[in-house]
Amino acid sequence: MPTVSVERSALFAHLGRTYTDEKFDELCFEFGVELDEITSEKEEATKSATVKLSKEQLASLSEEVIYKIDVPANRYDLLCIEGISRSLRVFLGDIDAPTYTILPVSDESSSTMTVIQSSTSTIRPFIVCAILRDVTFDEARYQSFIELQDQLHRNLCRQRTLVAIGTHDLDSVKGPFTYDARAPSDIKFVPLTHTDEGREFDGASLMECYETDAACKHLKPYVPIIKNSPLYPVVLDSEETVMSLPPIINGSKSRIMLDTKNVFIECTATDLTKANIVLDTVVAMFSEYAANPFSVEPVTVNYVNESQEVVRSYVSPEMYTRKETATVNFVNSLIGINVEPEKMVELCSKIQLGPAQLLPATSEEEGPILEVTVPPTRSDILHAVDIAEDIGIAYGYNNIVRKVPQTCTVGGEQPLNQLSDLLREEIARAGYIEVLTHGLCSINDNFTALGKPITAAVSLSNPANIEYQVVRTTLLPGLLKTLQHNKSSSFTGGFKLFEISDVVLPDDKHVITETIVGAKNVRRACATYSGPTSGFEVIHGLVDRIMTLCEVAPEADYVASSGNAYKKVHCKDGWHYNIRELKDGDVRTYFPGRAAEVLLTSPKTGGKQVVIGTFGILHPDVLGNFDINYPTSAVELELDYLM
């Protein structure tokens, strides 16, 4: 959860009320946020283990009380003092939720952004813009303006990879504006960080400076986003003045100062939806300081092709107000309350979901339908559940009466999970180390490296990298990669690993909740032995041990081949297993003639033999593919059949 730090005196001034720390903590709980810590600048420095200050430096720090408030990760409207105080005042009934107004364009040239689509599409394809007119800044407002941008960059913008915010003094530049992507050597300007010395950089030298200059270390994490790109995104005015080099830094000329009156906001992005949310949030929070509060002037964004023809156009910001619905019965049932529909309409105003109204019921069972108005600041409202959650906050958590459930149920572990846990304990007692590996892997690791043909698997449409292309269909690659990354461990006495987890297999027939999912989870146990010898007998012994623990008896011909090694133990009636050699070419994962399959006969299989797993010595080619230096044996069994 993001943490927002606000000065207590400033917050109370915004609220028009004062509270004791205990009362404010209670208010935060009622509103659905948490007062995490009460501190001060001086106290923070005193407690810091990394920053050591002298007595003189400590004495100069402020003792002003600071509230650190934890807010929900999807409540972007609470990331600054303006948003927190406004939401609390609406919650307390002191004010109504504001209505946002999009003004007519006052200057056509300043309200146009031209996007060179052929170049920007290769790096950051989208941009949205807005203009705040006649804004009045003071030191506190200016600082909050900067902090909101930082909070958004850390959260929704994902460290500027998805969206980067640029804010400019509109009176210092000249429209219309252009968003382009150019070669680093063609971009020359004085960045905001070097305003005092007036030093000019080109794109490439600026990246080098930010990577090495200690004074600019706060910008270093963003350099890799564009550094290796042949083109850098750049926002320019009509005189080719560089306003910003997103997502890194703004230009010095268009910097915002305390006397700035007209603010031009641009958000470049790889995700247009998130860009609109970010822009709407910034506008909604700081348009209250405009001469006409909660008003914004739009900007038309035109995408042009190489022939300078407009191929796409839209107006931003959206400041989109939408309608969402939830049935009154659903809200009452989910929260555990019994609120009259008319009262529920009133509660919506406390949580900025008004004006709300009741719609006629579509059926007697559903009852009346509650329609709420979602403002542009509430992008977190996506479903009827979100409406119910906010109505629960407006109703008051402390007002919900505790009730004994009308049904009596006894919780218990799922049988498959219980079997898995019991086997984990027993396999660990046999000297194996349990590992937990990634559920995603590459196609090469899952198929080719194991000597298997590439078959159907659940694949990702946009994998983050080549290591996460498909959901694994076998546990073996994870264990072999674990061996690969633990070559420094001692293999003298054998290195044993195991994992009990799910794999996902394509399945067009398996039906859950009347829907063909197309895939199913299968619980498997996989183990490997790696050492000076192959350890085939060790893995074979583990197979027998697992079967014994599951009370499955070996068949007579299997017992006969074991000599006097088998000791009879209690087993379930009708449950038997056998071992059959894998023929050459059946599975190329194993060494020819040194692999077997495990056959199970049980009432669950209808008395027929079913292959529930394989084990054997891994083929040298497989070991080479995973860079494993020692002979290795492995086993993989499906556990669902053993229940």
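Biologist: Let's start with cysteines. Is Cys-216 buried or exposed?
Modeller: Cys-216 is buried, with a relative accessible area of 4%. Keep in mind that this is a predicted model.

Biologist: Which cysteine sulfur is closest to the sulfur of Cys-216?
Modeller: That is the sulfur of Cys-209, at 4.9 Å. The gap is too far for a bond. A disulfide needs the two sulfur atoms within 2.5 Å.

Biologist: Remind me, what is a disulfide?
Modeller: A disulfide is a covalent bond between the sulfur atoms of two cysteines.

Biologist: What about Cys-571, buried or exposed?
Modeller: Cys-571 is buried, at 14% relative accessible area. Its closest cysteine sulfur is in Cys-550, 10 Å away. Again, that is too far for a bond.

Biologist: How many disulfides are there in the whole structure?
Modeller: The search of the whole structure finds zero disulfides.

Biologist: New topic, charges. Which residues gather in the patch of negative charge on the surface?
Modeller: Glu-22, Asp-25, Glu-26, Glu-34 and Asp-36 gather there.

Biologist: Which elements give two or more residues to that negative patch?
Modeller: Two elements do: α2, residues 21-31, and β2, residues 34-40. The most comes from α2, with three residues.

Biologist: Where does Glu-26 lie?
Modeller: Glu-26 lies in helix α2. Glu-26 counts as partly exposed, at 39% relative accessibility.

Biologist: How many salt bridges does the count come to?
Modeller: The count comes to 28 salt bridges.

Biologist: Show me one. What does Asp-21 meet in a salt bridge?
Modeller: The side chain of Asp-21 meets that of Arg-8, at 3.1 Å from N to O. Asp-21 lies in helix α2 and Arg-8 in helix α1, residues 8-15, so the pair ties together parts that are 13 residues apart in sequence.

Biologist: And how accessible are Asp-21 and Arg-8?
Modeller: Asp-21 is partly exposed, at 21% relative accessibility. Arg-8 is partly exposed too, at 25%.

Biologist: What does Arg-75 form a salt bridge with?
Modeller: Arg-75 pairs with Asp-77, and their closest N and O atoms are 2.8 Å apart.

Biologist: Are Arg-75 and Asp-77 buried or exposed?
Modeller: Both Arg-75 and Asp-77 are buried. Buried means under 20% relative accessible area.

Biologist: What about Arg-141, which residue does it pair with?
Modeller: Arg-141 forms a salt bridge with Asp-138, with the closest N and O atoms 3.9 Å apart. The cut-off for a salt bridge is within 4 Å. Arg-141 is partly exposed, at 25% relative accessible area. Asp-138 is also partly exposed, at 35%.

Biologist: Last topic. Where is Ser-121?
Modeller: Ser-121 is in the loop between α6, residues 117-120, and β6, residues 126-132. Ser-121 is partly exposed, with a relative accessible area of 43%.

Biologist: What separates the C-alpha atoms of Ser-121 and Leu-358?
Modeller: Those C-alpha atoms are separated by 45 Å. Along the chain, Ser-121 and Leu-358 are 237 residues apart.

Conventions
Residues numbered from 1 in each chain as written. Predicted model: local features only at pLDDT ≥ 70, side-chain atom pairs only at ≥ 80, totals over all residues. Heavy atoms only, no water. Buried < 20%, exposed > 50% of the residue type's maximum accessible area, 1.4 Å probe, protein only. Patch = residues over 30% accessible without salt bridge, like charges linked within 9 Å, V, L, I, M, F, W, Y side chains within 5 Å. Areas by Shrake-Rupley, 256 points an atom, 1.4 Å probe, with all protein chains shown as cover. Lys, Arg positive; Asp, Glu negative; His and termini not counted. Charge placed at Lys NZ, Arg CZ, Asp CG, Glu CD. Helix = DSSP H or I, 4+ residues; strand = E, 2+ residues; numbered from the N terminus.
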